[in-house]
Amino acid sequence: MADRRPGELTVGAARGWCPRCDAVRDVDDVCPECRATLVPLDERPPRSARPEHEQPAEPDAVVEPPKGRLRVAAAVAAVVLVGLAFVAGRSTAGTTARATTATTGAATTTTVLSPATSQRQLGWKTGPRNGISLELVSITRTADADVSEGSAAIGQDPGGDSTSMLHLRLDGLEADRRLLGVRGLRLVDSGGGVFATPDERPIGGEDSVPAIQDRGPGVYMIVLGATPDLESLTGIDLDALILSSSPATGTRVDLPSPGAWPSRPPLRDVSGGSRELSVPVRLGTARSSGELPLRLSGAFVGAGRAVIVLMRVDDLSGDPGVVPLAASVLDGDRLVCSRQEFIGGPGQLSPLMVVDCPIRPTAQLVLRLAAGVDTVDLGAKLHD
C-alpha cells in the first residue's frame, strides 16, 4: 500500500472506505487493520481530511451536514457523496448553505437577489392545526435572480425574469421534521385572476409545490416563477402542508454504547453486527403504504462523534415521486442530530446513507427512522 497521511484520499487505487478507521483502503472486502467490512467506492477526486484543530459542534444542537460535504463531480457515484462526506468534507469558509437532493425541492438553496429587487411584507397567519401554525411572511420579486445550482429543478425560471419567492415561517414542528411542500396553493390578483402558477411535483404521493428550507429554524421559501407587480396580489389559498413523517412514529433501533469511547480513530463498532431493518412508508393521506427495507451496516462511536451507516436494500414499488427518509440520533431521549435524504426521482444514484453526529460519550444511542410524508389539512384563505 502506498504511503499517505491518515484521512487523505487518493485517486484511482482505493477500493473501499472503512467507517471504523476513517480511512480509504486499497483492498477489496475488509480493512487490513481492524477487519471491518469496507464500503465499496468508485474513483473520486482528492479531498483532504478535517483539520485536527476543528472542534465538533455542540451536542445539544440539531446538526445538518454542511454544503461543502455534499458537493461531488457529476461523474462520481453518489456513494462517494454520502460515504465519504464525514471523512473528507468540512466546510471552512464561514457560513454554508445545506442542500439535499435538488430534484425534491426540499433542499436548502441560497438565492442571491439582484439590486433590482422589490419586496412586500405580508404577515398573513393561520391558526394552529395539530400544534402547527403557518405565517406567510413576505414575497420578493426580482428581474434578474442568480439562483444556486439545482434551483431550476424545483421550478426556478431559468431566464430569471420577474421571478418571485414566497417566504414562509412554520411554528410548532419538531426539530427532526421538515416542511416539504404545500398542496392546493392558489395566488389571486386584484382582478380575480391568477397571480402566479408555481410548478407542482409529486412528493411522497402528494402533488404539491416544493418548499425550500431557508436560513433559520422553521423558515422556508417557495419559488413562484414569473409574477406581475407584487401589489396586485390580494389573497393566497392553501389546502394542506406536506411534512416529512415523524421519526417518533417510525422504526426505533437501540444501540448500547457503554464504556470508554476512543478519543481518535479507529472508532468502536456498537452495532452488534449487520442487521436488516424495515421502515413503514407513509404516502399521502394513507396511514401506511408498504415497507422500506434497510440494512444497518455499522454504528461506530469515538473521536467525539457517532457514525451510523445505512444501506437501502430495495427501491419503493410504484411511482410515488420522491420520498423522504429521515434518520434521527438520540442520546437516550435527547435529540442529537437528524439527517434527511430522498428516495426516487431523477438523479437518485446511491443506496447509501451515512449519519454523522457530533456527540459526547453516552451509554445508550437510539436511531429513529421514518419514511414518507404526513399531511396537515389547513383549508386556509389568507389576505390583508
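**Close-up 1. The disulfide between Cys337 and Cys357**. Searching the whole structure turns up one disulfide, a term for a pair of cysteine sulfur atoms within 2.5 Å. Here Cys337 and Cys357 are joined, S to S 1.6 Å. Cys337 sits in strand β23 (residues 334-343) and Cys357 in strand β24 (residues 352-358), so the pair ties together parts that are 20 residues apart in sequence. Strands (E, at least two residues) are DSSP runs, numbered from the N terminus. Both Cys337 and Cys357 are buried, meaning under 20% relative accessible area with a 1.4 Å probe, protein chains only.

This is a predicted model: local features need pLDDT of at least 70, side-chain atom pairs count only at pLDDT 80 or more, and totals for chains, interfaces and linings use all residues. Residues are numbered from 1 along each chain as its sequence is written, and side-chain values use heavy atoms, leaving out hydrogens and water.

**Close-up 2. Strand β6 and its partners**. Welcome to strand β6 (residues 133-142): eight of its ten residues are buried, so the strand is largely enclosed by the rest of the structure. Strand β5 (residues 117-125) runs antiparallel to β6, joined by seven bridges; strands pair if DSSP finds at least two bridges between them. Thr117 has Thr142 as its bridge partner in β6. Nine bridges link β6 to strand β8 (residues 163-171), also antiparallel, and Leu136 stands opposite Leu168 in β8.

**Close-up 3. Asp331 in strand β22**. Look for Asp331 in β22 (residues 323-331); with 13% relative accessibility, Asp331 counts as buried.

Note on methods: Buried < 20%, exposed > 50% of the residue type's maximum accessible area, 1.4 Å probe, protein only. Helix = DSSP H or I, 4+ residues; strand = E, 2+ residues; numbered from the N terminus.
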